[in-house]
Amino acid sequence: MSISSNWSKYLKFLAVGIANTLLTWFLYILLLKILPYYISYTFSYVVGICIAYVSYRFFVFKRVAINNGLAWVLLIYVIQYFLGIFIVVSWTEKVGGMVELAPIVSLLITYPLVYMATNVIFKAD
């Protein structure tokens, strides 16, 4: 695979990530009005997983994932979730950061790892 092809794929992954982040962050902010932050984060996170898988499959990688690909993507996001909720709680309760920014802080830390793992799942034969 050429450098330009890899770069194009990464830019698409980044664009999907930005769009997904904005949509799920907006959902998170709306849910904060009626739910605690950790439940709002969890619900918006699950919605984000669904958006991500469909986007990776049909837009970014344009291919079927490896065997049990959906299960692998879910595993990646479960790991990211637990790391993310740890970051969200730490940011909010230990650092004293703004609750509205907690998911963004989490994403900045975990997103590069998710790209590397997802790239393996959707790699070419």
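Predicted model: local features only at pLDDT ≥ 70, side-chain atom pairs only at ≥ 80, totals over all residues.

Q: OK. Which residues touch the most other members of the largest nonpolar core?
A: Phe-13, Tyr-41, Tyr-56, Tyr-77 and Phe-122, out of 25 residues in that core.

Q: And which helices supply at least two residues each?
A: α1 (3-32), α2 (37-60), α3 (69-95) and α4 (102-121). The helix that gives the most is α2, with eight residues.

Q: Back to Tyr-56. What does Tyr-56 touch, leaving out residues up to four places away in sequence?
A: Phe-13, Val-16, Phe-61, Lys-62, Tyr-77, Val-114, Thr-118 and Phe-122.

Q: Switching to α3. How does the distance between its end C-alpha atoms fit the expected span?
A: The two agree: at 1.5 Å a residue, the 27 residues of α3 should span 39 Å, and the end C-alpha atoms are 36 Å apart.

Q: What do the buried residues of α3 pack against?
A: They pack against α2 and α4. Among the buried residues of α3 are Val-73, Ile-76, Tyr-77, Gln-80 and Tyr-81.

Q: What comes just after α3?
A: Gly-96, with a positive phi of about 80°.

Q: Now the rings. How many aromatic pairs?
A: The structure holds 16. Ring pairs join Trp-7, Tyr-10, Phe-13, Tyr-53, Tyr-56, Phe-61, Tyr-111, Tyr-115 and Phe-122 into a cluster.

Q: Which ring does Lys-12 lie over? And Arg-57?
A: Lys-12 lies over the face of Phe-59, 5.5 Å from the ring centre. Arg-57 lies over the face of Phe-58, at 4.6 Å from the ring centre.

Methods
Residues numbered from 1 in each chain as written. Heavy atoms only, no water. Core = buried A, V, L, I, M, F, W, Y, C linked by side-chain atoms within 4.5 Å. Buried < 20%, exposed > 50% of the residue type's maximum accessible area, 1.4 Å probe, protein only. Helix = DSSP H or I, 4+ residues; strand = E, 2+ residues; numbered from the N terminus. Contact = heavy atoms within 4.5 Å. Expected span 1.5 Å × (residues − 1). Phe/Tyr/Trp six-rings, centres within 6.5 Å; stacked < 30°, edge-to-face > 60°. Lys NZ or Arg CZ within 6 Å of the ring centre and 35° of its normal.
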